[in-house]
Every structure is written in C-alpha cells, then in structure tokens.
Amino acid sequence: MDNCIFCKIAAKQIPSASVYEDEELLAFKDINPAAPVHLLIIPKVHIDTLSSIQPEHTALLGKMLALAPKLAQEQGCAPVQQADGSLSGGYKTLINTGPDGGQEVYHLHMHVIGGPKPWRGQR
C-alpha cells in the first residue's frame with residue numbers, strides 16, 4: 001500500500017523504536033503511548049483489518065498473539081506471582097477493527113499495553 005504508514009515503517013522508510021523483528025512481524029513502541037508500555041505488533045504483509053483475515057493468515061495471527069507475552073516480559077509488564085500467591089503487573093492486548101472499533105491506521109496491528117496504572121484510556 002503506497003500510503004500506509006505501517007507498510008512504510010515495515011519497509012524502513014519511516015523510523016520506529018523497534019523492539020522485535022523477524023521475517024513476518026515487526027514490533028515497535030507506539031508514538032502516542034496510552035501506558036508506560038505501549039507496543040504495536042504488525043505483520044509486514046499488508047492486511048487492512050482483522051475482518052480481512054483469510055485462512056492462510058491463521059498462523060500469522062497465532063504468531064502475533066504468541067509474541068505478546070514475550071514482549072511484555074521483556075518490557076517488564078508481565079504478570080508476576082507474589083509470595084502470597086497473588087498476581088501483580090500485567091498487560092492487555094487489543095486489536096481495533098473498523099471505524100466503530102476505533103481503528104485509525106488501516107493495517108492490522110495489535111497493541112500490547114501495560115505497566116503501572118493509571119493509564120490514559122484504561123477501559
């Protein structure tokens with residue numbers, strides 16, 4: 001896509017604060033973070049929305065989801081079991097789809113949002 005900002009980021013035409021990259025995915029820090037940790041995981045191939053996913057994208061989606069806990073751990077926001085058995089920390093994953101779903105960039109992306117609260121937009 002010629003005007004897709006995430007395609008340009010994946011192609012290294014626009015710089016990003018990358019935290020992970022392989023042949024299929026790129027993860028980078030959100031430029032307008034809603035929390036202390038706010039990453040975006042994108043496929044390098046252009047897929048405009050989650051609703052556009054085809055059967056051949058199943059493994060790619062699984063890879064995106066499997067990457068989220070690894071990145072959360074690396075960024076210090078994974079859940080941690082305390083001595084009393086309770087959990088602290090944590091993160092959420094979010095995929096906005098379509099205008100009513102809050103999607104602003106029409107290239108599939110998953111947010112990984114975490115860190116100490118309060119967060120901006122913590123719904």
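## Overall make-up

The chain contains 2 helices and 7 strands, where helices (H or I, at least four residues) and strands (E, at least two) are DSSP runs numbered from the N terminus. Read from the N terminus, the order of elements is α-β-β-β-α-β-β-β-β. The radius of gyration, taken over C-alpha atoms, is 15 Å, close to the 14 Å that the globule rule gives for 123 residues, so the chain is as compact as a globular protein of that length. The globule rule is 2.2 Å times the number of residues to the power 0.38.

This is a predicted model, in which local features need pLDDT of at least 70 and side-chain atom pairs count only at pLDDT 80 or more, while totals for chains, interfaces and linings use all residues. Residues are numbered from 1 along each chain as its sequence is written, and side-chain values use heavy atoms, with hydrogens and water left out.

## The sheet

An open sheet is formed by 5 strands in the order E1-E2-E3-E7-E6, with antiparallel pairing. Strand E1 (18–21) and strand E6 (91–94) are at the edges with a single partner strand each, so one side of each has no neighbour in the sheet. Two strands count as paired if DSSP finds at least two bridges between them. Strands E3 (residues 37–43) and E7 (residues 110–114) are joined in the antiparallel sense over 5 bridges. Leu 40 has His 111 in E7 as its bridge partner.

## The helix across the sheet

Helix H2 (residues 58–74) lies across E1, strand E2 (25–29), E3, E6 and E7, and runs at about 155° to E3. For such angles, axes are lines fitted to C-alpha atoms, for helices over the stretch in contact (heavy atoms within 4.5 Å). The angles run from 0 to 180 degrees between N-to-C directions.

## The nonpolar cores

A nonpolar core is a set of buried Ala, Val, Leu, Ile, Met, Phe, Trp, Tyr and Cys residues joined through side-chain atoms within 4.5 Å; buried means under 20% relative accessible area with a 1.4 Å probe, protein chains only. The largest core has 16 residues, of which Leu 25, Ile 41, Met 64 and Leu 71 touch the most other members. E2, E3, H2 and E7 each supply at least two residues of this core, and its largest share, 6 residues, comes from H2.

Leaving aside residues up to four places away in sequence, Met 64 touches Leu 25, Ile 41, Pro 43, Leu 108, His 109 and Met 110. A second, separate core of 9 residues includes Cys 7, Leu 26, Phe 28 and Leu 40.

How values were computed: Buried means under 20% relative accessible area, exposed over 50%, partly exposed in between (1.4 Å probe, protein chains only).
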